[in-house]
Amino acid sequence: MDSFWMKILGFVITPLVAFAVGVTYGGIVRKITARIQNRVGPPIYQNLLDITKLYSKKTAVNHGVMQHLGPVFAITASVTSLFFVPVLRDSSFWFNLSFDGDLIFLLYMMVFGSLGMALGAGQTGNPNSAIGVSRGLALMVGYEIPFVLSLVALMIQFQTTSIHGLLAVQDTFSSWIIFQSPFATIAGILAFLGMMHYAPFDVPFAPAEVASGPASEFGGKYLALMMTSGSIFTFVKLVLFVNIYFGGAEDLLTLILKTFILYMIPVLTGIVNPRYRTEQAIQFFWKWPTVFGIIAILIVVL
Amino acid sequence: MEITYDKNAQEILSTIKSFARKSSLWVIAYGTGCGAIEIPPTMTSRYDAERFGIRGSATPRQADVLLITGYLAVKTLKRVIRTYEQMQDPKYVIAFGSCTINGGMYWDSYNTIKLLDKYIPVDVYINGCMPRPEAVIQGFIKLQELIMNKKAEGAAKYKENLEWYRENQRKIIHNWRMPEYNW
């Protein structure tokens, strides 16, 4: 009985912690951006205030069923992918549904939210949304290829398709995958830059070009749902990458340290960079990251 | 059936809501007149409005504050009304510069409106020609005080007196083809 209630507690706590960490990271990023631009910047809890305000706004827009379901799809995908990523390495408290093929499952699940958003944004009929969606999907085609190549290289090398398997591998060899398979890691991290949608890869949301893209017709509670889902999804991606390439974490402090350092890679790249055009972004991903991914596979196979 | 809530709980909840609304004002800056030139310095490094939670928003759907910067030509008034009606409750209007109060230097123009409040409900006026970024931030802080004291009720006023506003708007805009205002 005790373990059952602990499981329920973990089930509730896991998304809450993911949300809290994601929102705080978002606030810290805004502060860091402000300091680099020689500003004071908003307080660290500003994103939380924004989300609270958006949830308290009224909504009186109706474009059809998919418009209401789009943000729901996004948050469903975020929470579901969260439940397949082991938050801590050997802890049964954090709710986890891992099975033998969860790495492949995650590849699909992480796309689901964007596709749901694309359907929702498509129904609003806003031309900016349509452009944003097409840009987002094009960018996704760009970064998914090096990401999948990197994961396939790891799957072949270590003969496993689960995150727990990869964690066990890093445990037995007692060295992280970044040292065992550096080319796959490089391809993965470069794909990660695009996955986080910071500049130069903030093509779909470019507020100056397409008025925040897919979100342009969503306000109030829809935007709040999207921001919540974005915060959780940020955490999911960070933990996933830490688990795959950097040996996971045994306690919460290590996890936060590792994820924060990893998060700074796209953030600091983003602050000092302008925005790519869509085709430049795709060209970038299909050039060097893909080459590194193929090299990683060749090294493993040959 | 009417649901009754605990009064204290409601009070606390509405205070939290007001605080969140006050500390996170997303602005859609309608750059109608020369006042638009004062907005970039307000938002960027020198005056940094983001430390008060004031941020630009890309579309009217996401915005809380409609900032009318300067004179309003008859032609732009229609777009401003359309933008205002697309914004979601709770929404506020800040009128910027003398032109929105009495026409300013365009007081005898055939082509601009004189008093913005006759067409959309204004919560805060910032006077001056032009108001400096300090004055703009002061105006935003005034709006934050009004929100915290629950006195920024422009949207409710608009809903109540919609007929009066519509009458004024139709006097200016002759080719009236607009969707009905329904929230």
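**Conventions.** I note that this is a predicted model, in which local features need pLDDT of at least 70, side-chain atom pairs count only at pLDDT 80 or more, and totals for chains, interfaces and linings use all residues. Residues are numbered from 1 along each chain as its sequence is written, while chains are lettered from A and ligands numbered from 1 in the order in which they are written. Helices (H or I, at least four residues) and strands (E, at least two) are DSSP runs, numbered from the N terminus.

**Helix α10(A).** I checked the length of this helix, which covers residues 221-245 of chain A. The expected span is 1.5 Å times one less than the number of residues. For the 25 residues of α10(A) this gives 36 Å, and the end C-alpha atoms are 36 Å apart, so the two values agree. I then looked at burial (buried means 20 or more other C-beta atoms within 10 Å of the residue's own, exposed 12 or fewer, partly exposed in between, with C-beta atoms placed from the backbone). Of the 25 residues of α10(A), 24 are buried, so the helix is largely enclosed by the rest of the structure.

**Nonpolar cores.** A nonpolar core is a set of buried Ala, Val, Leu, Ile, Met, Phe, Trp, Tyr and Cys residues joined through C-beta atoms within 7 Å. Which residues touch the most other members of the largest core? I found Ala187(A) and Val236(A), in a core of 84 residues. The element that gives the most to this core is α10(A), with 17 residues. I also recorded a second, separate core of 40 residues, with Val27(B), Ile94(B), Leu116(B) and Ile126(B) among them.

**Helix pairs.** For axes I used lines fitted to C-alpha atoms, for helices over the stretch in contact, with angles from 0 to 180 degrees between N-to-C directions. Angles under 35 degrees count as roughly parallel, over 145 as roughly antiparallel, 65 to 115 as roughly perpendicular and the rest as oblique. The axes of α10(A) and α11(A) (residues 252-271) come within 9 Å and cross at roughly 105°. The two helices are therefore roughly perpendicular. Contact means C-beta atoms, placed from the backbone, within 7 Å. On the α10(A) side I listed Leu238(A), Val239(A), Phe241(A) and Val242(A); the α11(A) side includes Leu255(A) and Tyr263(A).

I next examined α4(A) (residues 102-124) and α5(A), whose axes come within 10 Å and cross at roughly 175°. This makes α4(A) roughly antiparallel to α5(A).

**Positive phi in residues other than glycine.** Asn38(A) has a phi near 65° and lies in the loop between α1 (2-36) and α2 (46-55) of chain A. Is Asn38(A) buried or exposed? I counted it as exposed, because it has 10 C-beta neighbours inside 10 Å. Gln159(A) has a phi of about 55° and is found in the loop between α5 (127-158) and α6 (163-172) of chain A. Gln159(A) is exposed, with 9 other C-beta atoms within 10 Å.

**Cis peptide bonds.** I noted one that joins Asp89(B) and Pro90(B), with omega about -10°. Pro90(B) is in the loop between α3 (74-86) and β4 (92-96) of chain B. Another joins Cys129(B) and Met130(B), with omega about -5°.

Definitions and conventions:
Two residues are in contact if their C-beta atoms, placed from the backbone, lie within 7 Å.
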